[in-house]
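This report covers the overall build of one chain and the setting of one residue in another. Please keep the sequence and the model open while reading.

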Amino acid sequence: MKMEVADSVFQIAMVGETPAKVEVKNLAVYYGRFRALNEIDLTVHEKRITAIIGPSGCGKSTLLRSFNRMNDLTPGCRMEGEIHLDGENILLPSVDVVSVRQRVGMVFQRPNPFPKSIFDNVAYGPRLYGIHHKADLEGIVETSLKASALWNEVKDKLNQSGLSISGGQQQRLCIARALAVEPEVILMDEPASALDPISTLKIEELMQDLKKKYTIVIVTHNMQQAARVSDYTAMMMIDDARAGHLIEFDATNTIFTRPKDKRTEDYVTGRFG
Amino acid sequence: MRKTFETEIQQLKDEMLLLGSMVEQQIIGTVEALKKRDIEASRRIREMDLQVNAKRYAIEEQVMIVIATQQPMAHDLRLLASILEVSGELERMGDYAKGIATVNIRMGDQPLLKPLIDIPRMAQIGTDMLHRALTAFVSEDVETAHAIPAQDDEVDDLYNQVYHELMMFVIQDPKTIERANWLLWVAHNLERVADRVTNICERTIFTATGEMKEIDSKVD
């Protein structure tokens, strides 16, 4: 006779579930006639970190870029299905894309500060949205730089070029720039892949702070990073027609200790991909 | 892909099997020494325990090196965690064999209270269970891992038999209490060996399936 002890030891560490912030329903993305993503259904929970993993070319970045309609900027790109942000379908033509991108910010793989001062980099977004009072801007810049854990390192050189600081600092400057417009969701596409280990850890620590206030979605090739930082993990693969699919979604603890799908198992153990 | 890692895993499994066979020899040898009242043999069993402990620590260290350098995930991680656990179980079984050797040494000139029949049988079944459990572990044979713990009932039955027989001696002649107690301690150690085999079977199922289940061989 078998006796079940606790449901699973891994459930103990599982995160408490929060409401859905972003809901992807039957999403397909096409580049011209090529279908890059197919039948994607995914729930991104509020104030949690969701990692998207999978082999190169499986559509992780395409999926991430759908969340704030960055794909619109790619000629010939077309999306079908629905992406709900707080219940509102942001793929409808009537939706104001500028407002979506204000609510859903993005941080890229390589730090890409503008060739402007540190201050102006952070103040760029707020100015675009019509904030011009010096005192207001100063407040936003300080708050954003503090939130991105960069303030202490740059407070005395806000007028220096954003390109004059280290790569790790530049990436945190880009995070501050994203935070300055008060987004709700932050998309991160391999945010630490161009950084050294110490800067990488700083970004990862920062993410844990940021998730108290923001919903974060991160694309990463680094399995350990996904395992360390995220609460949920989505595993993607391409199908026979080379379209990206979501093959497994679960609590990160489950994905990295006992995934259900053989392909996830092979990928996270480094035997495939 | 991951050839180095696969080799490291295979080496760990081999080392674990080696540790297992050392413990099997210890258990069979310690009961044999008791049966023959061979004190020298029992001393050798006690010395062998140092090698068993050293091998267990070597496996533990190697597992940690593999975890640190290969960052295993999913099945690989479960397997390595289980190897740690199973080596610990094997080391404890070695301690039971050592305990039996100590009994033989401490008994000194006193003769055995009764000829040993059920006790060697317990050792035989226990080591047989252990051997099959380790084979199932390395091949991740879940079916066998589920089946082995039922054999624990045979060992428990033998233990109860030994217990009642010894109690009869004590009731008839209270002066036999110390000699009865020596043998009861021996039987108890062998009964614990079989219990720990069940733990190895649980780890086999966990490694293969990710499910942590307690196998209880007794039907209530």
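## Dimensions of chain B

The model is predicted. Chain B has a radius of gyration of 19 Å. A compact globule with 220 residues would come out near 17 Å, so the value for chain B agrees with that expectation. The C-alpha trace of chain B spans about 70 × 40 × 20 Å along its principal axes.

Chain B holds seven helices and one strand. Their order along the sequence is α-α-α-α-α-α-α-β.

How much of chain B is buried? Of its 220 residues, 41% count as buried. Contacts in chain B reach across the sequence: among those between residues at least 6 apart, 82% join residues at least 24 apart.

## The setting of A149(A)

Now to chain A. A149(A) lies in a loop of chain A. That loop runs between α4 (134-147) and α5 (151-154).

A buried residue would need 20 or more, and an exposed one 12 or fewer.

## Partners of A149(A)

Which residues does A149(A) touch, leaving out those up to four places away in sequence? The partners are R172(A), K202(A) and L206(A).

A further pair concerns D209(A). D209(A) and A149(A) are 60 residues apart along the chain. Their C-alpha atoms are separated by 9.4 Å.

How values were computed
Residues are numbered from 1 along each chain as its sequence is written. Chains are lettered from A and ligands numbered from 1 in the order in which they are written. This is a predicted model: local features need pLDDT of at least 70, side-chain atom pairs count only at pLDDT 80 or more; totals for chains, interfaces and linings use all residues. Helices (H or I, at least four residues) and strands (E, at least two) are DSSP runs, numbered from the N terminus. Two residues are in contact if their C-beta atoms, placed from the backbone, lie within 7 Å. The radius of gyration is taken over C-alpha atoms; the globule rule is 2.2 Å times the number of residues to the power 0.38. A residue is buried if 20 or more other C-beta atoms lie within 10 Å of its own, exposed if 12 or fewer, and partly exposed in between; C-beta atoms are placed from the backbone.
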